[in-house]
Amino acid sequence: TDKEIVGSVKEQLAKLFEESLRAAFPDIEDVQPMIAICNDSRHGDYQCNNAMSLWNKIKGQGTQFRGPQPVGKAIIDNLPASEMIERCSTAGPGFINVVLKKQWIAKSIEKMLIDGIETWAPKLPVKRTVVDFSSPNIAKEMHVGHLRSTIIGDTLARMLEFSNVEVLRRNHVGDWGTQFGMLIEYLFDKIPNWEAASAQAIGDLQAFYKASKQRFDNDPDFKERAQKAVVSLQGGEEKYRKAWTQICEISREEFQRVYERLGVHLEEKGESFYNPYIPKALDLLNNKGLIQESEGARVIFIEGKKIPLIVVKRDGGFNYASTDLTALWYRLNEEKADWMIYVTDVGQREHFEMVFAAAKLAGWLPLNENDFPKASHVGFGLVLGDDGKRFRTRSTEVVKLVDLLDEAKSRCKLALEERAGKATEWTAEELEQTAEAVGYGAVKYADLKNNRLTNYTFNFDQMLSDKGNTAVYLLYAHARICSIIRKSGRDIEELKKVGGIVLAHPDERALGLHLLQFAEIVEEACINLLPNLLCEYLYKLSEDFTKFYTNCQVVGSTEETSRLLLCEATAVVMRKCFHLLGITPVYKI
Ligand code: ARG
C-alpha cells in the first residue's frame, strides 16, 4: 500500500516524549522514551517510565530537581501540543500516566477504515527473515510435532509479512542421511521396474520405511548393501541419485497435501541443498581455530556445555549439526537474512544453542543477544492426549495429520447441520467451506492460544466448543457482527466516507482503545515470537465487543452511524487477526 503506515500508539507516544525529554534535559544524551500500556486502566491508558532512571542519573550532579516526581513533571511540561493526549499526571516515584483523547482514538479508527488495516502494521527493525518451519523427514512420518511447527511457523511468517518484512519460508526437510541407503536398496529389491513405477507402487511410504528398517536390522547382507548405497548416493552415482529423487518426490506429494489443506505455503530447501557447501563452511570454522579432534570425530567445544558439537563424524560423514551450521552461514551470507527463526520442539533447544554459540565464536553472529543479525530458536512443547501422555490414536502408533483434519471438519459439519434450518440456510458448497474453515481453524487456534512452550492437550470437544476461548466462538462472534451490519440495511462504504465515530460511552471508548492497540500486539508477538499474544488480543477484542454491544444499542439508536462503524472496525481487525493466525473467517453461521 502507498498509504502511510502510522505505527503503534506506543511509537507515536514515544515520538512526543522523545521531544519533551530532549527539551527538558538537553544535557543528557540518548534517553530512549520508555512507554508502556498502563497496568491499571483506572490510572490512564499508557505510561511513560523515564523519570526514575533519569533522576538516578542526575541526582548526584547538583541538579535543581528534588526527586523523581518533579522530573516527571518537567517531562509533562515539555510535551509538545498534540491531538493525541488528553491529560498526563504523575504517580508514585515519577510514573507519568497518559490519558488519550477519545476524539483522537475515534479519528484513528475512521482513518484506518478508509486507508486499510495495512496502515496499522508495526514497524520492525528487520528487513529479511528466514522462518525455518514444518521440516518433516522424508519417508518418515509427519507427526503432530511437525503439525505444531507448521502452524506456529506459518503464523510467525504471516505476522512478519504483515509487518512488511520479507520472509523466506523454508522447509528444511530431512532428505539426506543414512536412512536413504536402506530405502534405496529396498526399493531396488521390491520394485524391480522402480524407474517406471508410480507412487502407488510404493504405497504408504511410512510402511515402506518400516519394512526396510526391519530388513536392515535383521539381514546383515542387506545392511551391508544399504551402507554401500549411502556411499554411492553421496558420491553422486546416477542410479542412486535417481532412486533418491523418486523417493523424495513421493514424500513431497504427501506433505503437500497437508500443506494445501492448512493453507500453508513453504519453499523447500532440504538438508541435501546445503550438502555441497559444508566443506567450505567447516573450513571457515577451522580457520578460526574452532574445530578440534576428539575421539576420532571433529568437534567444536562450547563453553558451558558438557558435550561438544560434532561436525564431522568418526566415519568422516557430515551430520545434522554440520548441515545447520552451513545453512546458517548460507542464510546470512547468500540470502542476506538478518533474522533466522527455527521452529522445532523444545527437545532441540540444546542443538540450536550450540549451533548459534559456534556461529558467535566464528564471528558470524554478534555476541549481544539483542543485536541483528540474530538467530532464534522457537521451541514448543508436546501435544498430549486425554490420558496426559504423548498424543496417539488407538489404531495406529502415530496420529495421521490428515485424519485429524478430516475429523475436525466432519464434526463441525454435523454441528452446522444441526443449526441449519433453524437459523441459517446453507448451500452444500457453503456448508462444506464453513465446516472446513471452522474445523481447521479450531485445530490451529487450540495450538496457538497457549504459550508455545507448554504442552497442550488435544481434545476435539474442547476445541470445537462454541463457548470460551475457541476459534469456533470467535468465528461465530465475527459472523454475528457481520450480520448486525447486514441487517441494519445501511451501506457501510457510505458510512465510512461520512465518518463520525463518537466514543461517548465508556464501553465504546474501551473497545476503541483496544482496537488501536492491534499494531503493538502484533509487534510484541513478532519480537518475542509468541503467537499466543495475538490470540489473547483477539479474545479480549471479542469480550470488549460483547460488553459494548450489551450496553450500547446499535441499530435504531441515535448513535447508529458511529456504532455501526465501530462494529465494522471490530470486524476488520478480527479478520486480520484470523488471517495472521492462518484461520479463514466465516461471514454467516
Ligand atoms: N527435520 C527435523 C526434525 O524433524 C527438523 C529440522 C528443523 N530445522 C533445522 N534447520 N534443523 O526433527
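Q: What makes G92 stand out in the turn of the hairpin formed by strand 3 and strand 4?
A: G92 has a positive phi of about 50°, and three residues lie between the two strands. Helices (H or I, at least four residues) and strands (E, at least two) are DSSP runs, numbered from the N terminus. This is a predicted model: local features need pLDDT of at least 70, side-chain atom pairs count only at pLDDT 80 or more, and totals for chains, interfaces and linings use all residues. Residues are numbered from 1 along each chain as its sequence is written.

Q: How do you know that strand 3 and strand 4 pair?
A: Pairing requires that DSSP finds at least two bridges between the strands. Strand 3 (residues 85-91) and strand 4 have six, in the antiparallel sense; one of the bridges joins C88 to V98.

Q: What makes strand 4 mostly covered?
A: A residue is buried if 20 or more other C-beta atoms, placed from the backbone, lie within 10 Å of its own. Five of the six residues in strand 4 (residues 95-100) are buried.

Q: Why is helix 12 called roughly perpendicular to helix 13?
A: The axes, lines fitted to C-alpha atoms over the stretch in contact, come within 9 Å and cross at roughly 85°. Angles of 65 to 115 degrees count as roughly perpendicular, so helix 12 is roughly perpendicular to helix 13.

Q: Which residues of helix 12 meet helix 13?
A: I278, A281 and L282 do, meeting S322, T323, L325, T326 and W329 in helix 13. Contact means C-beta atoms, placed from the backbone, within 7 Å.

Methods
Axes fitted to C-alpha atoms, helices over the stretch in contact; angles between N-to-C directions. Parallel < 35°, antiparallel > 145°, perpendicular 65-115°, else oblique. Contact = placed C-beta atoms within 7 Å. Buried ≥ 20, exposed ≤ 12 C-beta atoms within 10 Å, placed from the backbone.
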